[in-house]
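Here is a short briefing to read beside the structure. Keep the viewer open and follow the topics in turn.

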Amino acid sequence: MPPSTLVLLDIDATLLDTQDAGVVAYERASARHFGVAFDFENVPVHGRLDHENYADAVIRHGLEVDHRAEQPAFRAAYGAALAEIATELGGFRACPDIEPFLAAMVADPSIELGLLTGNWEETGRLKIRHAGLDDSIFRVNAFADHGEHRDELVPVAVAAFAALHGDFPARTVVVGDTPRDVQCALAGDAIALAVATGIHSVEVLQNAGAHRVVGTLAPTHDLLEFIRHG
Ligand SMILES: [Mg+2]
């Protein structure tokens with residue numbers, strides 16, 4: 001029997017906490033590549049795709065370059081900076097209760113796991129590995145590379161599930177910490193499970209329209225039942 005439920009997890013503040021290493025890595029990489037450190041003060045980067053944040057920053061700083069042409073070199077500089085910062089910090093922190101939550105789902109043959117994230121693939125995986133988590137358990141994924149906006153990503157992951165298993169999932173659950181995670185779940189006809197381990201409160205996530213909001217992903221019987229059956 002193929003799995004019936006696809007669970008798609010966000011990375012930042014859902015799986016792990018980089019202590020803003022992503023923003024610091026953007027600053028370092030842009031200083032090295034463009035000679036200007038990107039400033040993200042009062043810029044809402046959470047829940048957006050890496051290429052949206054990057055392209056907006058190039059434009060906001062008035063750099064007279066083609067951001068698309070520069071993206072591969074910038075990405076390489078960003079990846080190098082992120083790896084340096086991970087080393088400086090002694091690794092990133094896995095979110096509370098995430099390891100038993102992931103283990104409970106890996107052990108359930110009715111569940112397939114994937115990532116649905118605004119990260120570029122290589123740096124998203126780098127963050128996961130530097131948090132001491134196993135990125136190989138996520139087999140059906142949608143990264144920043146797969147869309148222009150987060151709302152386009154659920155169908156990408158669902159199509160990847162269908163390519164792997166020959167059928168669509170009966171149920172898709174998106175797990176994330178921002179209203180944008182909730183929004184992309186609703187846009188993709190998926191169930192939104194929001195977790196208040198990031199900067200957004202339970203109330204904000206409820207108001208965004210999440211089907212269920214939890215404080216942490218402690219793998220209670222109740223939470224796993226919700227994931228399997230609603
Ligand atoms: Mg997040």
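## Briefing on the fold

Of the protein's 230 residues, 43% count as buried. The model is a predicted one. It contains nine helices and seven strands. The radius of gyration is 17 Å, close to the 17 Å that the globule rule gives for 230 residues, so the protein is as compact as a globular protein of that length.

**Overall dimensions and contacts**

- The C-alpha trace spans about 55 × 35 × 35 Å along its principal axes.
- Take the contacts between residues at least 6 apart in sequence: 65% of them join residues at least 24 apart.

- Five strands make an open sheet, in the order 4-1-5-6-7. The pairing is parallel.
- Strand 4 and strand 7 (212–214) are the edge strands, and each pairs on one side only.
- From one strand to the next, the twist averages 20°.
- Helix 6 packs on the sheet and touches strand 1, strand 4 and strand 5 (171–176). The direction of helix 6 makes about 135° with that of strand 1.
- Helix 9 (residues 221–229) also packs on the sheet. Helix 9 touches strand 1, strand 5 and strand 7, and its direction makes about 115° with that of strand 1.

**Strand 1 in detail**

- Strand 1 (residues 5–9) pairs with strand 4 in the parallel sense over five bridges.
- On that side, Thr5 stands opposite Ile111, and Val7 stands opposite Leu113.
- Strand 1 also pairs with strand 5, again in the parallel sense and over five bridges. Here Leu6 has Thr172 as its bridge partner.
- In a regular strand, side chains alternate between the two faces of the sheet.
- Both faces of strand 1 are covered. Thr5, Val7 and Leu9 are buried on one side, and Leu6 and Leu8 are buried on the other.
- That makes five of five residues buried in strand 1.

**Helix 3 against helix 5**

- Two packed helices are described by the angle between their axes and the distance between the axes.
- The axes of helix 3 (residues 67–89) and helix 5 come within 10 Å and cross at roughly 10°. Helix 3 and helix 5 are therefore roughly parallel to each other.
- Helix 3 contributes Tyr78, Gly79, Leu82, Ala83 and Ala86 to the contact. Helix 5 contributes Glu122, Thr123, Leu126 and His130.
- The residues of this contact divide into five nonpolar, three polar and one charged.

**What covers helix 5**

- Which residues of helix 5 are buried? They are Thr123, Gly124, Lys127, Ile128 and His130.
- An α-helix has 3.6 residues a turn, so residues three or four places apart point the same way.
- The cover over the buried residues of helix 5 includes strand 2 (16–17), helix 3 and strand 4 (111–115).
- Just after helix 5, Gly132 takes a positive phi of about 75°.

**Arg150, a buried loop residue**

- Arg150 sits in the loop between helix 5 (121–130) and helix 6 (153–165).
- Is Arg150 buried or exposed? It counts as buried, because it has 27 C-beta neighbours inside 10 Å, and the cut-off for buried is 20 or more.
- Setting aside neighbours within four places in sequence, Arg150 is in contact with Gly47, Leu49, Gly118, Arg180 and Cys184.
- Arg150 and Trp120 are 30 residues apart in sequence. In space they are 12 Å apart, C-alpha to C-alpha.

**Two aspartates with positive phi**

- Most residues other than glycine have a negative phi.
- Asp97 has a positive phi, near 70°, and is not a glycine. Asp97 lies in the loop between strand 3 (93–94) and helix 4 (98–106).
- Asp97 is partly exposed, because it has 18 other C-beta atoms within 10 Å.
- Asp189 has a positive phi too, about 55°. Its place is in the loop between helix 7 (179–187) and strand 6 (191–195).
- Asp189 counts as exposed, with 10 C-beta neighbours inside 10 Å. The cut-off for exposed is 12 or fewer.

Terms used:
Residues numbered from 1 in each chain as written. Predicted model: local features only at pLDDT ≥ 70, side-chain atom pairs only at ≥ 80, totals over all residues. Helix = DSSP H or I, 4+ residues; strand = E, 2+ residues; numbered from the N terminus. Contact = placed C-beta atoms within 7 Å. Rg over C-alpha atoms; globule rule 2.2 N^0.38 Å. Axes fitted to C-alpha atoms, helices over the stretch in contact; angles between N-to-C directions. Parallel < 35°, antiparallel > 145°, perpendicular 65-115°, else oblique. Nonpolar A, V, L, I, M, F, W, Y, C, P; charged D, E, K, R; others polar. Pairing = 2+ DSSP bridges.
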